[in-house]
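User: Could you take a close look at the helical part of this model and go through how its side chains are placed and paired? I would like one connected account, with the cut-offs behind each term.

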Amino acid sequence: FRFFAFVHAFVWLWIFVSDRAMQHLHQKSRQCGYLNFYRCTRNLRRIPMFTLSCGNAVVLMLVAYVGNPTTSGPSFQPKLKWVYCIGAMAALETIIALPALCFYIAKTLKFNGTRPVADVEEELIHNSMPSLAELGFRREGRIDEVLEKQADMIRYLQQHNANLGRRIVQLTTQGGQ
């Protein structure tokens, strides 16, 4: 029982570290201007970590409830093997997290295979040429989507502006020497 609990905790730790690494890579891609990719995969990336965290909480409650299953435990312990409970929890976590992880990997590979232009550059090119499609009536259902895109664009431009400011200071100090 304890062995399976430790393995479960180790798998959670491994997923936690990989989630932090993926978050760092997503931040870098977002800072490079790939806002649509970031937006469409951010929740998908979080599913395995969320699922394993919930499973870990359940296993922790199970361990706290059972105590030491070899010496004592609830009266219905002979009917239910606690190892099977952890196995069932791990199977449920796998059924939820594995398809999400596979779908995320497929989306990432497809995105990397197409090598698209950054959303910001595409938006700047698109906005430099006025089009008639932007004039007239707009559907109200898209307002949230438009606001989210604009918020992402503002965050990107603020970060890009800060990076350019640092670069100007760096070049100025190098030029003064």
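Analyst: Trp-82 is buried, with a relative accessible area of 6% (buried means under 20%, exposed over 50% and partly exposed in between, with a 1.4 Å probe and protein chains only). This is a predicted model, in which local features need pLDDT of at least 70 and side-chain atom pairs count only at pLDDT 80 or more, while totals for chains, interfaces and linings use all residues. Residues are numbered from 1 along each chain as its sequence is written, and side-chain values use heavy atoms, with hydrogens and water left out.

Trp-82 belongs to helix H3 (helices are DSSP runs of H or I with at least four residues, strands are runs of E with at least two, and both are numbered from the N terminus). Although 23 residues separate Trp-82 from Val-59 in sequence, their C-alpha atoms are 10.0 Å apart in space.

Helix H1, which covers residues 2-31, has 30 residues and reaches 43 Å from its first C-alpha to its last, close to the 44 Å expected at 1.5 Å a residue (the expected span being 1.5 Å times one less than the number of residues). Its buried residues are Ala-5, His-8, Ile-15, Asp-19, Met-22, His-26, Ser-29 and Arg-30. Just after H1, Gly-33 takes a positive phi of about 105 degrees.

The structure holds two salt bridges (a side-chain nitrogen of Lys or Arg within 4 Å of a carboxyl oxygen of Asp or Glu), and Asp-19 takes part in one with Arg-20, where the closest N and O atoms are 2.6 Å apart.

Arg-45 is itself buried, having a relative accessible area of 5%. Taken together, Asp-19, Arg-20 and Arg-45 are linked in a network of salt bridges.

Another arginine found in helix H2 is Arg-39, which at 17% relative accessibility counts as buried. Not counting residues up to four places away in sequence, the contacts of Arg-39 are with Glu-148, Lys-149 and Asp-152.

The aromatic side chains come next, and the structure holds three aromatic pairs. In one of these, Trp-12 and Phe-16 have ring centres 5.3 Å apart and planes at 15 degrees, so the pair is stacked (rings of Phe, Tyr and Trp, the last by its six-membered ring, pair if their centres lie within 6.5 Å; planes under 30 degrees apart count as stacked, over 60 as edge-to-face and the rest as tilted). Trp-12 and Phe-16 are four residues apart in helix H1, so about one helical turn separates them. Trp-12 counts as partly exposed at 24% relative accessibility, and Phe-16 likewise counts as partly exposed, at 31%.

Tyr-34 and Phe-111 make up an edge-to-face aromatic pair, with 5.3 Å from centre to centre and 85 degrees between the planes. Tyr-34 lies in the loop between H1 and helix H2 (35-66), while Phe-111 lies in helix H3 (residues 82-114), so the pair ties together parts that are 77 residues apart in sequence. Tyr-34 counts as partly exposed because its relative accessibility is 22%, whereas Phe-111, at 19%, counts as buried.

Note on methods: Contact = heavy atoms within 4.5 Å.
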